[in-house]
Amino acid sequence: MTIIVIFIYLALVLAVGTLSHKLFRGTGEDYFVASRSFGPFLLLMSLFGANMTAFAILGASGEAYHEGIGVFALMASSSGLVIPCVFYFIGTRLWALGKRHGYLSQIQYFRQRYDSDALGLVLFVVIAALMIPYILVGLMGSGLTLNQITDGKLPVWLGGLLVCGVTLGYVTYGGMRGTVWVNTFQVLIFMTFGLAAFWVIFKKLGGLENGMAMVAAKHPELLIRGDKIKPLELLSYTCIPLSVGMFPHIFLHWLTARRAETFRWTVVFYPLCIAIVWIPSVLLGVLGSVDFPDLKGPAANSVLVNMIGLYAPGILAGFLAAGVLSAIMNSVDSQTLAISTMFTQDIVCHYRFNDKMTEKQEVWFGRLFTFAVIAATYLLSLVVNRSIFKISVWTFSGFAAMFPVVVAAVFWKRSTKYGALASIASVVILWIYFFTSGTETIGTGGVMPVAVMLLVSAAALIVVSLLSKPPADHVLQKFFHQG
Amino acid sequence: MNSRIVQWALYTGLFVLYLLHNDLWFWNDSRLVLGLPIGLFYHVCFSIVTAVALYLLVKFTWPRHLEAESEKESAS
């Protein structure tokens, strides 16, 4: 029965994506940014959905299983403050520049803002290298979820393949419009079913207070921060949500807004949407420590699925699995579309066609790269085995550390391409160093590597910009308006 | 009230919220409030207060010039 519900859900997702094709205008701008036509509700749903990965659903509950309730403060409430601020201060301004100059990708903006092809190429390589693990997180989560929820009837590789196939279908056919329609449908699904799982499970346990009392009896350390999370770790973790300022898929979603005013709803409701999704994930993760006490390391990522299997079997389990799958798929689709947009616009169109592709060519190259990206990451997902949460943190850290580049591009006229390149180089060097040395925190205080990377990146940008020749006047006139 | 003062008051408010996020005062407190551990309850309230602060931000300090600029440029 569970499998039938999942298949029906996937068919519905495909149908929604396919339906969106009826509005397709056949242009590159329509395929990549839906002709910049979305209103407040679709923008909120798509931006929120694009940010809610397997990391939020499976990774959060898995991490809460080990670390306790502090995970909510670490990632959820800090994101609820930092991310809307980035949308407000950076997103609205990049939307305006994107509309003014007709941008379809983040690299186009940076290349023109700093008047440098080399910077565009370096950014392309770094962003693509950081995005692949992020997409991997989603694919690994989907295979794992389907495997667990069907008691192993669907092998991990087949579950991942199924999700890849459906995502590929609506992204290639519907482009950005299909992606956002599906995202909206899926956000509503995972919010509803997440709350339903929470309600059903805690009702069976005799209420929230009883459930927490069970945790307090066996694992009281999970109800406080204690030694599991250090104060400096909490402080430095607030750097991680800055990553949205440099995510290519978020940039692409910003461009879909009809007007600057469209961002208002997103800015206000974002913290509430995060709370609605993360509270059940964290509490169910903590509660899972009572029923499934022996999950080690990455195995804890399946605690939510185990809880659903234990307390809500049958059709409900299928619905709840659909909720988890929604959260996963609606970030994988946006990320894949963003990477394929970059390949199409910033490599093929810019270098092979001198920025003069026909609309038809743009659409077909977009589709081709979407297929290539999904196929490559799917194959990688079969051989990688690392904690979903840990992979995500490293990806976020890399993007967050490049945040000074976008801040300087938008607000600081004196910033130069050499400053931006120095900043990116410092991020690459430090990221490789911290990642390969397995550094999770620096020293005994719990400082996250991202905080150090961010400081060095900002310092490199400022110092090298001031030491290099100021940008040309025509560039400044294009990006900074007087009055 | 001068709009510049309102703007800076709201920016300062956001910074104060950022500081309040680091709730050292409930670090080792395991009391339950409305069924939630107080450390979690605090951050749920924090999320609601953040939404209110952001509502005030977009209501009183919205960057209206962006709309006009982008429309003017698109038309030209």
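Helix axes are lines fitted to C-alpha atoms over the stretch in contact, and angles run from 0 to 180 degrees between N-to-C directions. The model is predicted: local features need pLDDT of at least 70, side-chain atom pairs count only at pLDDT 80 or more, and totals for chains, interfaces and linings use all residues. Residues are numbered from 1 along each chain as its sequence is written, with chains lettered from A in the order in which they are written.

Helices are DSSP runs (H or I, at least four residues) numbered from the N terminus. In chain A, the axes of helix H7 (residues 117-149) and helix H8 (residues 156-204) come within 7 Å and cross at roughly 120 degrees. H7(A) and H8(A) are therefore oblique to each other, a class left for angles that are not under 35 degrees (roughly parallel), over 145 (roughly antiparallel) or 65 to 115 (roughly perpendicular). Residues are in contact if their C-beta atoms, placed from the backbone, lie within 7 Å. Among the H7(A) residues that meet H8(A) are Leu139(A), Ser142(A) and Gly143(A), and their partners in H8(A) include Val156(A), Trp157(A) and Gly159(A). The residues of this contact divide into 8 nonpolar, 6 polar and no charged, where Ala, Val, Leu, Ile, Met, Phe, Trp, Tyr, Cys and Pro count as nonpolar, Asp, Glu, Lys and Arg as charged, and the others, Gly among them, as polar.

The contact between the chains takes 43 residues from chain A and 33 residues from chain B. H5(A) gives the most to the side of chain A that touches chain B, with 15 residues. That side comprises 26 nonpolar, 9 polar and 8 charged residues.

Conventions. Contact = placed C-beta atoms within 7 Å. Helix = DSSP H or I, 4+ residues; strand = E, 2+ residues; numbered from the N terminus.
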